[in-house]
Amino acid sequence: MQKSKTKIIVNFITTLLKISIPIGVIILILLNSILDKLNIKQDLLTFLIYPCIILFLAFIYIFIKLFNQLKLEKPFSKETVKYLKNSMIISFIIDIIIAIALILSIIVYPTYTIAVKISLTFFFILFLGVGIALYLLSELFRQATEYKEENDLTI
């Protein structure tokens with residue numbers, strides 16, 4: 001019973017993630033037009049949205065792979081550890097880009113509102129926390145995988 005519920009949830013989330021990739025690609029392609037329609041001027045700060053979207057799409061792709069590992073009932077494997085580490089790296093790269101955007105909004109573009117600066121600070125803290133959490137998870141899964149492999153050899 002529990003496995004079927006898990007598979008239903010995994011399938012649902014995987015489907016949502018698969019749908020979000022083409023939507024993200026469309027947003028990436030149309031971003032320049034969207035910003036023009038919203039009368040948002042193009043500057044270095046808005047340019048930093050592009051690499052964040054690309055990295056976030058990679059993040060989603062890796063999470064699809066992680067959910068596939070769960071669907072295959074092989075969560076404790078070297079592939080899972082690799083996916084978690086790759087997600088961690090992407091999270092930290094996004095965090096660096098957001099930190100650059102935050103610094104730019106303070107020093108180069110002081111006309112940006114305090115709401116933008118607070119939002120950037122929030123996302124900086126969020127992706128820093130996600131990166132740290134993914135690092136911890138990758139280490140836990142690495143150790144669990146080692147124990148599992150060791151246990152499989154003794155049986």
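Q: By class, how many nonpolar, polar and charged residues does the lining of the second largest pocket have?
A: In this predicted model, the second largest pocket has a volume of about 200 Å³. Its lining includes F63, L66, F67 and Q69. By class, that lining has 9 nonpolar, 2 polar and no charged residues.

Q: Which element gives the largest share of the lining of the second largest pocket?
A: At least two residues of this lining are supplied by each of α3, α4 and α5. Among the lining residues are L70, P75, T80, L84, L134, L137 and F141. The largest share, 5 residues, comes from α3.

Q: Which residues are the closest to the centre of the largest pocket?
A: The largest pocket holds about 590 Å³ of space. Of the 22 residues that line the largest pocket, the closest to its centre are L48, I49, C52, L120 and F123.

Q: By class, what does the lining of the largest pocket have?
A: The largest pocket has a volume of about 590 Å³. Two or more residues of its lining come from each of α1 (2–37), α2 (44–47), α3 (49–71), α4 (78–107) and α5 (114–154). By class, the lining has 19 nonpolar, 3 polar and no charged residues.

Q: Are α4 and α5 roughly parallel or roughly antiparallel to each other?
A: The axes of α4 and α5 come within 8 Å and cross at roughly 165°. Angles over 145 degrees count as roughly antiparallel. The helices α4 and α5 are therefore roughly antiparallel.

Q: By class, which residues does the contact of α4 with α5 have?
A: The crossing of α4 and α5 is left-handed. By class, the contact of α4 with α5 has 22 nonpolar, 8 polar and 7 charged residues.

Q: Are α3 and α4 roughly parallel or roughly antiparallel to each other?
A: The helices α3 and α4 pack at an angle of about 160°, with their axes 10 Å apart. The cut-off for roughly antiparallel is an angle over 145 degrees. It follows that α3 and α4 are roughly antiparallel.

Q: Is the crossing of α3 and α4 left-handed or right-handed?
A: Two packed helices are described by the angle between their axes and the distance between the axes. For α3 and α4, the angle is about 160° and the axes are 10 Å apart. The crossing of α3 and α4 is left-handed.

Q: In which element is confidence lowest, and in which is it highest?
A: The protein averages a pLDDT of 90, and 97% of the residues score at least 70. Where pLDDT is low, the predicted coordinates should not be read in detail. Confidence is lowest in α2, at a mean of 84, and highest in α4, at 94.

Note on methods:
Residues are numbered from 1 along each chain as its sequence is written. This is a predicted model: local features need pLDDT of at least 70, side-chain atom pairs count only at pLDDT 80 or more; totals for chains, interfaces and linings use all residues. Side-chain values use heavy atoms; hydrogens and water are left out. On a 1 Å grid over the protein atoms alone, a cavity is a set of points where a 1.4 Å probe fits but cannot get out, and a pocket is an open set with protein on both sides within 12 Å along at least five of seven lines; lining residues have an atom within 4 Å of a point. Grid points are joined across faces, edges and corners, and a volume is the space filled by probe spheres set on the points. Helices (H or I, at least four residues) and strands (E, at least two) are DSSP runs, numbered from the N terminus. Ala, Val, Leu, Ile, Met, Phe, Trp, Tyr, Cys and Pro count as nonpolar, Asp, Glu, Lys and Arg as charged, and the others, Gly among them, as polar. Axes are lines fitted to C-alpha atoms, for helices over the stretch in contact, and angles run from 0 to 180 degrees between N-to-C directions. Angles under 35 degrees count as roughly parallel, over 145 as roughly antiparallel, 65 to 115 as roughly perpendicular and the rest as oblique. A crossing is left-handed if the near helix is turned anticlockwise from the far one by less than a right angle, and right-handed if clockwise. pLDDT is the predictor's confidence in each residue, from 0 to 100.
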